[in-house]
Number of protein chains: 2
Amino acid sequence: MKDTSNSWTQKINTNGYRLTGARRMVIDIISNSPRALTPAEIFIEARSRGAKLGLVTVYRTLEKLEEMTLVERVHHEDGCHAYIAHVEGHQHLLLCRVCHRVEYFGGDDLVSLAETISRRSGYEVQEHWLQLVGICPDCRALVSKEALP
Amino acid sequence: MKDTSNSWTQKINTNGYRLTGARRMVIDIISNSPRALTPAEIFIEARSRGAKLGLVTVYRTLEKLEEMTLVERVHHEDGCHAYIAHVEGHQHLLLCRVCHRVEYFGGDDLVSLAETISRRSGYEVQEHWLQLVGICPDCRALVSKEALP
DNA sequence: TTACTTGCAAACGTTTTGCACGATT
DNA sequence: AATCGTGCAAAACGTTTGCAAGTAA
């Protein structure tokens, strides 16, 4: 388990929620996954680990974790129902189109862009939301191998 | 109706699809909406205009329009099932959080960012996808009025 | 005329809800 | 002990599919 897990348990307590087995399990699964997971995938993984939780609990847990900004949704081309662990200070995502791996990168570069757009449009720009989609190094290696004779 | 509509009908013909009343209606509704619309909203608007189309047709029409890149999906915090007209050369969106109005802006500024991330991560970055969320001038005016005594 | 398109009804998968039981604090 | 959390079953919801009838080319 990543070292983020401890702060999660604290945050759950702080918010007045109880730390149950089901929540530990969902948190552990998400925080150790290199890619975004759907509720159904989390449920299946938890069951395969021997946990006896229900799919409904996964939904309700994700709802609370999202509310506490401990997890966030990833928006793919085809839908937006997969979750990843939220990482403080790394707001932007880099997704691999092949293996669906998720990486983070810092977004300081966007502040000036947001200001420019704000000035140009008259909008008060409050949030910027950026995702890059591409192919990760591992998958690039595989693809180039396949292309060879 | 916006002047984009003509090119739409051409593109539909080019792709071998037929230009039907239902498609004209869906196109007209989307191209004249200042905000993203869900299939259900498009259906209701069409019915309120006296058209006799079914919700299924709206789904199937959107599917084809998206395939032809005549419309695109907008991803909100809560879901990603609303559609807007696609505008050539304006890849990025600026959403009003209050009235859900959609504006476009050019994204040349992001090419260098994508290159930097690509170099740093080893990813082959193929797409960048940016949305800004804020409050539009009109809604800002309303908000500030409400705040006054 | 022929193939594409439509509408309805029904199927489907996902997400939510009601309620009694169980677990955490 | 009191409250919060859980699981099951069933309902609700959005979306897709099969098929007969209708329509554009």
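A phosphate oxygen of DNA strand C is 2.9 Å from a polar backbone atom of B:R18, a polar contact in the sense of a pair of N or O atoms within 3.5 Å; within protein, one atom must be able to donate a hydrogen and the other to accept it, and residues adjacent in sequence count only if both atoms are side-chain atoms. The model is predicted: local features need pLDDT of at least 70, side-chain atom pairs count only at pLDDT 80 or more, and totals for chains, interfaces and linings use all residues. Residues are numbered from 1 along each chain as its sequence is written, chains are lettered from A and ligands numbered from 1 in the order in which they are written, and side-chain values use heavy atoms, with hydrogens and water left out.

**DNA strand C**

- Two threonine side chains of chain B also reach phosphate oxygens of DNA strand C: an N or O atom of B:T20 at 2.6 Å, and a polar atom of B:T57 at 2.2 Å.
- The largest contribution to the surface near DNA strand C is that of α4(B), with 4 residues.
- DNA strand C is surrounded by 19 residues, of which A:Y59, B:T20, B:R23, B:L53 and B:T57 are the closest; a residue is near a strand if one of its heavy atoms lies within 4 Å of it.
- Sugar or phosphate makes up 66% of the atoms of DNA strand C within 4 Å of the protein, and bases make up the rest.
- The surface near DNA strand C has 7 nonpolar, 4 polar and 8 charged residues, where Ala, Val, Leu, Ile, Met, Phe, Trp, Tyr, Cys and Pro count as nonpolar, Asp, Glu, Lys and Arg as charged, and the others, Gly among them, as polar.

**DNA strand D**

- Around DNA strand D there are 18 residues, and A:T20, A:K52, A:L53, A:T57 and B:Y59 come nearest.
- Of the atoms of DNA strand D that come within 4 Å of the protein, 67% are sugar and phosphate.
- Phosphate oxygens of DNA strand D lie 3.4 Å from a backbone N or O atom of A:L53 and 2.3 Å from a polar side-chain atom of A:T57.
- A base oxygen of DNA strand D lies 2.9 Å from a polar side-chain atom of A:R60.
- Two or more residues of the surface near DNA strand D come from each of α2 (21–31) and α4 (55–67) of chain A, and α4 (55–67) of chain B.
- By class, the residues of this surface are 7 nonpolar, 4 polar and 7 charged.

**Interface of chain B and chain A**

- Each side is counted by contact (heavy atoms within 4.5 Å): 38 residues come from chain B and 38 residues from chain A.
- The two chains bury about 3300 Å² between them, 60% of it on carbon and sulfur atoms; buried area is the accessible area (1.4 Å probe) that two parts lose on being put together, summed over both.
- B:Y123, B:E127 and B:W129 supply 21% of the area that chain B buries against chain A, more than any other three residues.
- The interface holds 2 salt bridges, each a side-chain nitrogen of Lys or Arg within 4 Å of a carboxyl oxygen of Asp or Glu.
- B:E127 forms a salt bridge with A:R97, with the closest N and O atoms 2.7 Å apart.
- Between chain B and chain A, 15 residue pairs are in polar contact, both residues being at pLDDT 80 or more.
- On the side of chain B that touches chain A, the elements giving two or more residues are β3 (92–96), β4 (102–105), α5 (110–121), β5 (124–135) and α6 (137–147) of chain B.
- β5(B) gives the most to that side, with 12 residues.
- That side of chain B divides into 18 nonpolar, 10 polar and 10 charged residues.

**Strand pairing**

- Strand β5 (residues 124–135) of chain A and β5(B) run antiparallel and are joined by 11 bridges; two strands pair if DSSP finds at least two bridges between them.
- A:E124 has B:I135 as its bridge partner in β5(B).
- Within chain A, strands β3 (residues 92–96) and β4 (residues 102–105) pair in the antiparallel sense over 4 bridges, and A:L93 has A:Y104 as its partner in β4(A).
- The hairpin of β3(A) and β4(A) has 5 residues between the strands, and A:H100 in this hairpin takes a positive phi near 65°.
- In chain B, β3(B) and β4(B) run antiparallel and are joined by 4 bridges, with B:H92 opposite B:F105 in β4(B).
- The hairpin of β3(B) and β4(B) has 5 residues between the strands, and B:H100 takes a positive phi near 65° there.
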